[in-house]
Amino acid sequence: MKIVFFGAGNMASAIFTGMIEKGTVKAEDIYITSKSNRVAAMEFKESLGVNVSYDDAELCKDADYIVLASKPQNFTDVAERIRPYLEKKTKLISVMAGIHIATIQEEAGMENAVARIMPNTNAMVQYSVNGIAFSDDFDNKDELIELMASFGKNVVVGEEGMDNITAATGSGPAFLYYIYEQYAKSLEELGFSKEDAEKLTRNLVIGTGKTLSERPESFEQLRTDITSKAGTTEAGLDTLSEFKLQEMISKTLGSARDRSKKLSER
Ligand SMILES: NC(=O)C1=CN([C@@H]2O[C@H](COP(=O)(O)OP(=O)(O)OC[C@H]3O[C@@H](n4cnc5c(N)ncnc54)[C@H](O)[C@@H]3O)[C@@H](O)[C@H]2O)C=CC1
Ligand SMILES: O=C(O)[C@@H]1CCC=N1
């Protein structure tokens, strides 16, 4: 197996680190190349044992998968690098938000099989949620599905579902981090030091996540379990429910989905 990553940034490194740490793919079978962060690429070579190369012919030769992991805006440059050397058997896997399968095939200049995947940075701890859409001619889907299961839970959504999943779970961690940032700031306002506010918030989130991973009850049930009659939680929730939280979240996701759609207008 030879998997080549064009792009070695946040998302690519989350995926290959996740795959290596899980043991699904050997580091020696992974090749990475980048543009801006060559130092970081060398650090991955040293820490994980992956191959680093800037020789496009060598990179593309006999590749089973080429993962397109640059920003969407850099895809034209990446396509130029791979086009002369791309072999028909190589499957293209795009993590880029908003670039359609047809556009990828067009820019690659060959009708290679393409899968669009939309993971998130939780791939690094093997807890991504991965949306997947395949081109019609993509054979042996199970192999890719299995590879991706090594760093998260898969949902085959089809291309029409990609904009939504990009907003919901691709960008999703950033929305949650933003909420945690506000939570920590509010703890500071209560009088905790910056350090304690960060520590308390972090452990609150980790503990809540662990509970969710171990208990099957609904969010509502878990919330109800904490809410004593006339108690502190009830008072807090009464105030929280005065704000239009769901509307805020829906609008946030809507903007992210719309940007994903816009990125596809190339
Ligand atoms: N960061 C995230 O949470 C997620 C990102 N994505 C998608 O992943 C892609 C990458 O995002 P990040 O990793 O966050 O960006 P990043 O900026 O961390 O990494 C981009 C990488 O692309 C490389 N690159 C740029 N031009 C290149 C070229 N011509 N040849 C080879 N490499 C080139 C850069 O050197 C860098 O290593 C984007 O298309 C984004 O839509 C998808 C899901 C989640
Ligand atoms: O912000 C972005 O465009 C990418 C796609 C999903 C997460 N990060």
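**Note on the predicted model: domains, sheet and ligand shells**

1. For "domain: Pyrroline-5-carboxylate reductase dimerisation", an unreviewed entry, UniProt lists residues 159-263 (positions follow the numbering used here, feature names are shortened, and annotations may be inferred rather than shown by experiment). Over residues 159-263 the chain is 81% helix and 0% strand, with the end C-alpha atoms 14 Å apart; helices (H or I, at least four residues) and strands (E, at least two) are DSSP runs, numbered from the N terminus.

2. This is a predicted model, in which local features need pLDDT of at least 70 and side-chain atom pairs count only at pLDDT 80 or more, whereas totals for chains, interfaces and linings use all residues. Residues are numbered from 1 along each chain as its sequence is written, and chains are lettered from A and ligands numbered from 1 in the order in which they are written.

3. UniProt also lists residues 2-98, in an unreviewed entry, for "domain: Pyrroline-5-carboxylate reductase catalytic N-terminal". The chain over residues 2-98 is 38% helix and 19% strand, and its end C-alpha atoms are 26 Å apart.

4. Eight strands form an open sheet of mixed pairing, in the order S3-S2-S1-S4-S5-S6-S7-S8; two strands pair if DSSP finds at least two bridges between them. Strand S3 (51-52) and S8 stand at the edges with a single partner strand each, so one side of each has no neighbour in the sheet.

5. Strands S7 (residues 128-134) and S8 (residues 152-156) pair in the parallel sense over five bridges. Within this pairing, isoleucine 132 has valine 156 of S8 as its bridge partner, and valine 129 has lysine 153 of S8.

6. Around ligand 1 there are 28 residues, of which Gly7, Gly9, Ser34, Lys35 and Ala97 come nearest (a residue is near a molecule if its C-beta atom, placed from the backbone, lies within 6 Å of it). Helices H1 (10-22) and H4 (75-82) each supply at least two residues of this shell. The shell divides into 12 nonpolar, 12 polar and four charged residues; Ala, Val, Leu, Ile, Met, Phe, Trp, Tyr, Cys and Pro count as nonpolar, Asp, Glu, Lys and Arg as charged, and the others, Gly among them, as polar.

7. The residues around ligand 2 are Ala97, Thr166, Gly170 and Ser171. They divide into one nonpolar, three polar and no charged.
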